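Me: I've got this one open on my screen and would like to walk through it piece by piece. Can you help me with the helix packing to begin with?

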Amino acid sequence: MTLSTPAGRAPAKRARPHRPQTRRASDPMRRGKYLFIVTFLLPPVAVYAIYMLSPYLQAIYISMTDWSGLTATQNFIGFDNYVRMWNDDQIRTALRNNLILLVFVPVLTLALGLFFASMLNVGGRRRNAAVAGVRGSSIYRVVYFFPQVLSIAIVGVLFKYVFAPESAGGIINTFLSKIGLESLTRLWLGEPRYLIWVVVLVMTWSFVGFYVVLFSAAMQSVPRDIYEAALLDGASRFTTFRKVTLPLVWDTVQVGWVYMAIQAMDGFAIVHIMLGVNGGVEGAGDVLGVAIYREAFASSRFGYAAAIGVLMLFLTMTIVVIFMRVLRRERVELG
Amino acid sequence: MATVTYDKATRVYPGQDTPAVDSLDLAIEDGEFLVLVGPSGCGKSTSLRMLAGLEEVDAGSIRIGERDVTHMPPKDRDIAMVFQNYALYPHMTVAANMGFALKISGTPKAEIQRRVLEAAKLLDLVEYLDRKPKALSGGQRQRVAMGRAIVREPQVFLMDEPLSNLDAKLRVSTRTQIASLQRRLGITTVYVTHDQIEAMTMGDRVCVLKDGLLQQVDTPLNLYDTPANVFVAGFIGSPAMNIATFDIIEGGRAKLGEADVSVPRSVLTKVSDEGSDLVTIGFRPESLVPVSSEDVGGIPVTVDVVEELGSDAFVYGHPAGPKAAEQTDRMRSDTVIARVEPRMAPAKGEKIVLKVREGESHFFSVKTGERIPQ
């Protein structure tokens with residue numbers, strides 16, 4: 001005490017001359033401001049806490065019980081569910097598939113999205129403008145966005161038919177045999193090793209449109225004369241894209257990548273609708289989302305399902321954090 | 001180094017009937033600094049962008065030196081452009097911005113570095129080479145844009161209002177810098193501006209455009225002394241020329257209300273040949289001298305505002321006399337501007353009589369607006 005008093009006092013003394021002023025000026029204002037902010041912040045935070053945070057926490061607890069989801073009783077069993085998950089081959093398959101989705105769907109979608117967006121906005125060489133989209137770009141813009149308008153369930157049903165056997169009206173197989181490539185026809189949804197790649201294809205198809213629109217918006221916010229300067233500097237389309245367009249829309253690509261990663265970790269709807277609750281033949285197209293659903297509602301093992309859910313939560317969070325870190329670059333300000 | 005030739009070059013924007021640039025004929029000498037000037041929408045930027053290859057040429061042709069570049073892509077034209085908003089690449093450093101074109105063309109690294117450094121020294125940018133454009137002031141950005149053009153050592157420089165984003169004081173100093181830099185480098189330059197002072201001070205020759213049509217190309221002083229038509233007369237010069245339409249009366253004089261000026265015989269003949277008894281007369285503020293009211297003729301003016309600049313004094317007034325209202329209808333602007341001896345300016349509200357110095361009136365046909373030579 002005796003030691004700390006003078007030490008603690010000295011700065012207080014020095015600070016005193018300013019203090020009365022700042023206090024008088026800001027205190028009532030500040031209190032009012034806080035009250036104002038809290039009033040508006042409290043309801044949404046409460047809703048968020050009750051409906052978002054508490055289920056997460058509950059799920060973590062449930063994952064440590066043997067709850068079936070149908071009974072009132074649940075017994076705490078510690079990490080048994082996690083141990084079981086570790087030894088579950090089906091979960092391994094699902095996890096592997098999720099990783100495939102995570103790597104290939106974002107890469108394909110973002111690459112295609114960037115390619116299409118740059119062709120739509122700056123790729124063309126038209127007569128009446130040096131910097132413009134390719135011919136008919138306004139039509140393409142709408143066409144690319146179509147899949148986004150379709151509900152994901154419809155996309156699933158649609159592609160079930162696309163990949164169906166010829167006798168069931170499968171478009172791809174019919175087309176292949178019509179042009180004489182009979183040897184390439186397959187039972188696309190009947191071969192375990194094709195399943196996840198079919199899912200990759202369908203997910204890419206259904207997401208690309210959104211990213212085309214997202215990247216188009218970003219590219220349009222780049223002043224036109226920057227593209228014109230690149231043109232005068234002798235940059236080809238590809239160089240313009242790599243050296244000018246891409247760095248200037250990199251922020252948006254990064255955001256897109258994070259969205260995409262989250263969407264790829266899911267994949268529930270497509271797999272469930274196209275391949276069924278067991279993840280297709282031999283469960284080869286299984287993903288974690290479907291596994292959770294299956295365990296919870298088909299096998300009545302809520303505790304186990306919750307454990308898979310917790311695994312997915314941490315995976316998603318880790319991946320997003322890693323993506324944010326790796327992709328961080330200096331922000332570019334336009335203008 | 002090269003000449004630039006516009007040969008009936010025409011640009012019609014899709015969906016529009018009138019051309020933005022209407023068969024422009026213009027020959028620019030090797031090493032010349034040519035300024036394209038005109039009010040907004042006159043087609044001056046379009047003309048420049050046609051030369052750059054950023055706008056299509058719908059008819060006619062454009063040549064750089066002996067090469068026909070009419071339909072050549074911009075990168076093959078060997079030109080460099082300075083944009084109004086500079087169009088610097090925001091994600092690149094100053095050095096990378098300046099060296100970008102060279103890098104694309106595959107110039108060796110050492111060579112790029114040497115040329116960038118050289119240009120940076122010329123423009124006083126050496127200490128900023130590692131900065132990004134956002135960390136530069138407007139004037140510095142402007143210089144980087146200049147540097148980007150210089151580094152390429154092109155045949156032609158194109159500048160699209162490069163000074164319009166600078167503040168007034170910086171604009172004046174940069175103006176002289178650009179002009180002297182151009183003289184030093186000796187590269188043919190086409191410069192677009194809407195500011196006639198920039199045009200007059202920078203250009204070897206000035207090209208005045210209006211509504212896509214070429215009005216006159218000449219040296220700044222010739223433009224000032226012998227404007228080819230009413231538009232050029234009113235556009236070039238600050239304060240603007242006084243222009244009004246006068247009735248021709250007996251005795252080699254023209255009258256508008258109380259105002260009375262003499263008209264040379266040669267002009268009278270041409271006007272009567274045209275079958276008209278009206279003539280548009282213009283006189284610059286410095287061509288007017290105050291006289292005593294007893295003299296024959298002159299222009300009676302009531303003083304509204306006096307601008308004393310120290311070195312100059314300008315009187316802004318309106319025509320005096322009973323027929324003043326009729327007079328204002330036939331004047332280009334409703335004020336009469338005269339330069340008077342500084343520190344001896346008349347007071348506000350005073351009525352003075354101004355007379356045009358002999359031989360300093362400009363006469364234009366009422367019908368065509370063309371100059372009538374004396």
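Reply: Gladly, and we can begin with one helix pair: helix 12 of chain A and helix 13 of chain A make a right-handed crossing. Please keep in mind throughout that this is a predicted model.

Me: Which residues make that contact between helix 12 and helix 13 of chain A?

Reply: Helix 12 of chain A brings A:Phe268, A:Val271 and A:His272, and these meet A:Gly289, A:Val290 and A:Tyr293 of helix 13 of chain A. Sorted by class, this contact has 4 nonpolar and 2 polar residues, with no charged residues.

Me: And at what angle do the axes of helix 12 and helix 13 of chain A cross?

Reply: Roughly 65°, with the axes of helix 12 (residues 268-275) and helix 13 (residues 288-298) of chain A coming within 8 Å. Angles of 65 to 115 degrees count as roughly perpendicular, so helix 12 of chain A is roughly perpendicular to helix 13 of chain A.

Me: What about helix 8 of chain A, how does that one pack with helix 12 of chain A?

Reply: Helix 8 (residues 192-220) of chain A packs with helix 12 of chain A at an angle of about 125°, and the two axes are 10 Å apart. Helix 8 and helix 12 of chain A are therefore oblique to each other, and their crossing is right-handed.

Me: OK, switching to where the chains meet. How many residues does each chain put into the contact?

Reply: Chain A contributes 20 residues and chain B contributes 21 residues. On the chain A side, helix 9 (224-232) and helix 10 (237-248) each supply at least two residues, and helix 9 of chain A gives the most, with 6 residues.

Me: What's the make-up of that chain A side?

Reply: The residues of chain A that touch chain B divide into 12 nonpolar, 3 polar and 5 charged.

Me: Now chain B. What is the strand order in the open sheet?

Reply: The open sheet in chain B has 6 strands in the order 6-7-8-3-9-10, with mixed pairing. Strand 6 (79-82) and strand 10 (213-218) of chain B stand at the edges with a single partner strand each, so one side of each is left without a neighbour in the sheet. From one strand to the next, the twist averages 20°.

Me: How do strand 6 and strand 7 of chain B run, parallel or antiparallel?

Reply: They run parallel, and 4 bridges join strand 6 of chain B to strand 7 (residues 156-160) of chain B. As a landmark, B:Met81 stands opposite B:Leu158 in strand 7 of chain B.

Me: Which helix lies across those two strands?

Reply: That is helix 4 (residues 138-151) of chain B, which lies across strand 6 and strand 7 of chain B and runs at about 180° to strand 6 of chain B.

Me: Last topic, the domains of chain B. Where are the bounds?

Reply: The domain assignment gives domain 1 as 4-234 and domain 2 as 241-364 in chain B. Taken over C-alpha atoms, the centres of these two domains of chain B are separated by 39 Å.

Technical notes:
Residues numbered from 1 in each chain as written. Chains lettered and ligands numbered in written order. Predicted model: local features only at pLDDT ≥ 70, side-chain atom pairs only at ≥ 80, totals over all residues. Pairing = 2+ DSSP bridges. Axes fitted to C-alpha atoms, helices over the stretch in contact; angles between N-to-C directions. Contact = placed C-beta atoms within 7 Å. Nonpolar A, V, L, I, M, F, W, Y, C, P; charged D, E, K, R; others polar. Parallel < 35°, antiparallel > 145°, perpendicular 65-115°, else oblique. Left-handed = near helix turned anticlockwise from the far one by under 90°. Domains from an automatic or database assignment.
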